[in-house]
Amino acid sequence: MDALLLVPIALPLIGGAALLVSSFRESVSGGRRGPGAGEAAASPHWPWLGRYVAAVLGISVVSALAAAWTGEREAVLFTLLDGIPVYFRVDALGRLFVTVASVIWMLAMLFGFVYMRREGKEKRYFGFYLMLYGILMGLYFAGNLVTMYLFYELTTLASMPLVLHSGKRESIMAALKYLFYSLCGAYGGLFGIFFLHRYCGSLTFAAGGTLDPAAAQGHEGILLIAVFAALVGFGAKAGMLPLHAWLPTAHPVAPSPASAVLSAVIVKSGVLAAIRVVFYIVGPEFLRGTWVQRAWMGLALLTVFTGSLLAYRERVFKKRLAYSTVSQVSYILFGLSLLTEDAFAGALFHVAVHAAAKCGLFLTAGVFAYHFGYTKVEELAGMGKRMPGTMWCYLLLSLTLVGIPPTGGFISKWYLAEGALQSDAGAFAWLGPAVLLLSALLTAGYLLPVAMGGFFPGPRGSAEPLERREAPPAMLLPLVMLAALAVLSGIFPGGLAGYASDIAGAVLSP
């Protein structure tokens, strides 16, 4: 038992639960203000609440990074079933996800300290926020498929309250939709796990897979169906068609810092689950050339194009960003489905780049909504003159998603295109790069006009006085850091690209 591995899981769970108990007591006693009361009615608990949340999350992040990057570790919590323990272990893939999530969680927390004062119910929000981080650490450190599934389900249950935070009817309906889609998808994953347990030598993750050829012989058909059910099911959390509709419903009603972590981190739990099933349990060679690989590639490309097209047509700003997430996360899924090293490395690179870019874009939407109440794209004309720092960050983050050099998005999409062209995927070898290019053009079409209208508003934007009112430091600093990470990952890609390539080589080498 390595206790350090359990600290980043247990500490935020306990710390968040304590906040929820305190919030419940206040709601029962009737001494709490309602949402939307404004900053003037800010909770008297804010000074200590901010310090408490920062301390709990800070210690959790430090312990998580220390556990991830200071050698091999493992811990068995208890035995769930005969031969199936709740088991945690550090591996290369988990390190990447732990690092990305920790950076995003800290920056979104800093932004939330300002934003949530106006939203209200801060204790409840940060209670679930802390607990969700601990659950994600359990997901990333999971050492076998059953442990991963348990924390995958808990991720849904802990993130749903962030969606329904306001308590309005549309928030409740959006949260129920999110819950329905996520649970339906998780049941597809559970169906796959039942069969994998029967035909795999072990459910403990191992690079290249643990499928027992002797046990699987003669049962390949049902195994392929089980794997496909798992991919479609876990794809629901990642926003892959046909279970993608929860994203554009949930994001507009959630607080902006919650939307940021949902889009940047939570959707990647579906990506992680797909990687674990294909590359650490079944093995990529079992799927190569099968109908499952072709269907997976087809669904991913269809999602890439459909998400971009719907984002291009959407006028509500946060809903546009949500459709963009549907498209961009399927870039990652397409790279994984090619089963080549370059494409796999590009997919992992895009996990980190997209997390920084999309977190920053949703926080930018939060700045505009917080200061001006703007939620529509056409309302943002002239924002570059009012908030030049915020709009410059938006522009850099948008260029990252488009894939313009020297941003990190260019590097990840280069790897994805190279992996497709070098693959033996038939028509998908050229169709993939073509769809990615078309999607990049659509991405430019729905993101860059916001920046152009922000800096050059024209007659419509000049009708109102464009006084300068920059975001406060606690809001602007996370945007600057995320924009810097998005750009620097393209200028200095060697470390991240090399790390992703090492993982790709380990799981795809013969």
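Predicted model: local features only at pLDDT ≥ 70, side-chain atom pairs only at ≥ 80, totals over all residues.
A residue is called buried when its relative accessible area is under 20%, exposed when that value is over 50%, and partly exposed in between. By that rule L81, which is found in strand β1, is exposed, because its relative accessible area is 52%.

**The nonpolar patch on the surface**

- L81 belongs to a nonpolar patch on the surface that also takes in L77, F78, L80 and L150, and these residues together have about 430 Å² of accessible area.
- The largest share of this patch, four residues, is contributed by strand β1, which covers residues 74–81.

**Helix α3**

- Helix α3 runs over residues 92–119, a stretch of 28 residues, and the distance from its first C-alpha to its last is 38 Å, which is close to the 40 Å expected at 1.5 Å a residue.
- Most of α3 is covered, since 20 of its 28 residues are buried.
- Just after the end of α3 comes G120, a residue whose phi is positive, at about 85 degrees.

**Salt bridges**

- Searching the whole structure gives four salt bridges, and among them is the one in which the side chains of R73 and D2 meet, with 2.8 Å from N to O.
- This pair connects distant parts of the chain, for R73 lies in the loop between α2 (46–69) and β1, while D2 lies in the segment before α1 (3–29), 71 residues apart.
- Both partners, R73 and D2, are buried.
- Another salt bridge joins D91 to R276, and here the closest N and O atoms are 2.7 Å apart.
- This second pair also links distant parts of the chain, with D91 in the loop between β2 (84–89) and α3 and R276 in helix α11 (residues 268–282), a separation of 185 residues.
- D91 counts as buried because its relative accessible area is 12%, and R276 is likewise buried, because its relative accessible area is 1%.
- E285 and R288 also form a salt bridge through their side chains, with a distance of 3.0 Å from N to O.
- In this pair E285 is exposed, because its relative accessibility is 54%, whereas R288 is partly exposed, with a relative accessible area of 25%.

**Cysteines**

- A search of the whole structure for disulfides finds zero.
- For C393 the reason can be followed step by step: a disulfide needs two cysteine sulfur atoms within 2.5 Å, but the closest cysteine sulfur to that of C393 belongs to C359 and is 12 Å away, so the two are too far apart for a bond.
- C393 is buried, because its relative accessibility is 7%, whereas C184 is partly exposed, because its relative accessibility is 34%.

**A glycine in helix α1**

- G16 has its place in helix α1, and this glycine is buried, because its relative accessible area is 0%.
- Although G16 and L57 are 41 residues apart along the chain, their C-alpha atoms are separated by 9.6 Å.

Note on methods:
Residues numbered from 1 in each chain as written. Heavy atoms only, no water. Helix = DSSP H or I, 4+ residues; strand = E, 2+ residues; numbered from the N terminus. Expected span 1.5 Å × (residues − 1). Buried < 20%, exposed > 50% of the residue type's maximum accessible area, 1.4 Å probe, protein only. Patch = residues over 30% accessible without salt bridge, like charges linked within 9 Å, V, L, I, M, F, W, Y side chains within 5 Å. Areas by Shrake-Rupley, 256 points an atom, 1.4 Å probe, with all protein chains shown as cover.
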